[in-house]
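This report describes the fold of one protein chain, beginning with a single residue and widening to the whole molecule. Please refer to the sequence and structure shown here while reading.

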Amino acid sequence: DQAPGDADAQFVASVAINSGLGLSFFLIFAGLRQWCPAVYSPRSHVRLLAAQPAPPLLPHGLFAWLVTLMAVDESRLVQTAGLDAAMYLCFLRLAFQIMIAASLYGFGELIPII
C-alpha cells in the first residue's frame, strides 16, 4: 500500500514536529522562569518565614538550573522546600534516569531497523 520512502518521511515528520514542540515548550518555560521568578521559585524570593532557610538560588543559564537541581542534597530539600517537594524532585530524578536508560536501549533497538 505504501512506498518504502513514505514510512521514512512520516517518521522524520513526526520527529521534527515533536522535537519542535518540545523545544518550543522548553524555551517558553526557560523564559518564564527568568521573567517570573516569584511564580517559579517563590521560596527564594518571598520570605514569609524567617526561621526557614532559603533554597539555593538557581543560575540564569538555559540548562544551568538542571545541574543545581540534580546536585542539591535531599536533606536540604526537606529543610528548605518541604517533604512533598523533596519527594517530587526525587521522583523526577528517578524518572529522568529511567528515561535516559530506556532511550539508550530504545535507540540501540531502533537504529538498526531504520
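## Tryptophan 65

Tryptophan 65 counts as buried because its relative accessibility is 12%, below the 20% cut-off for that class. The model in which this residue is described is a predicted one. Tryptophan 65 is placed in helix H4, which spans residues 64–71.

When neighbours within four places in sequence are set aside, the contacts of tryptophan 65 are Phe26, Phe29, Arg33, Leu58 and Pro59. Alanine 30 stands 35 residues from tryptophan 65 in sequence, and the C-alpha atoms of the two are 9.6 Å apart in space.

## Histidine 60

Histidine 60 belongs to the loop that runs between helix H3 (42–45) and H4. Is this residue buried or exposed? Histidine 60 is exposed, because its relative accessible area is 61% and the exposed class begins over 50%.

Residues up to four places away in sequence not being counted, histidine 60 touches Arg33 and Gln34. Arg33 is also among the contacts of tryptophan 65. Between histidine 60 and glycine 31 there are 9.8 Å from C-alpha to C-alpha, with a separation of 29 residues along the chain.

## Packing of H5 and H6

Two packed helices are described by the angle between their axes and the distance between the axes. For helix H5 (residues 74–81) and helix H6 (residues 83–110), the axes come within 7 Å and cross at roughly 140 degrees. H5 is therefore oblique to H6, since an angle must be over 145 degrees to count as roughly antiparallel. The crossing of H5 past H6 is right-handed.

Which residues of H5 and H6 meet? On the H5 side they are Glu74, Leu77, Val78 and Ala81, and on the H6 side Leu83, Ala85, Ala86, Leu89, Cys90 and Arg93. By class, the residues of this contact comprise eight nonpolar and two charged, with no polar residue.

## The protein as a whole

The protein contains six helices and zero strands, and its pattern along the sequence reads α-α-α-α-α-α. Of its 114 residues, 11% are buried; tryptophan 65 is one of the residues in that class.

Terms used
Residues numbered from 1 in each chain as written. Predicted model: local features only at pLDDT ≥ 70, side-chain atom pairs only at ≥ 80, totals over all residues. Heavy atoms only, no water. Axes fitted to C-alpha atoms, helices over the stretch in contact; angles between N-to-C directions. Helix = DSSP H or I, 4+ residues; strand = E, 2+ residues; numbered from the N terminus. Parallel < 35°, antiparallel > 145°, perpendicular 65-115°, else oblique. Left-handed = near helix turned anticlockwise from the far one by under 90°. Contact = heavy atoms within 4.5 Å. Nonpolar A, V, L, I, M, F, W, Y, C, P; charged D, E, K, R; others polar. Buried < 20%, exposed > 50% of the residue type's maximum accessible area, 1.4 Å probe, protein only.
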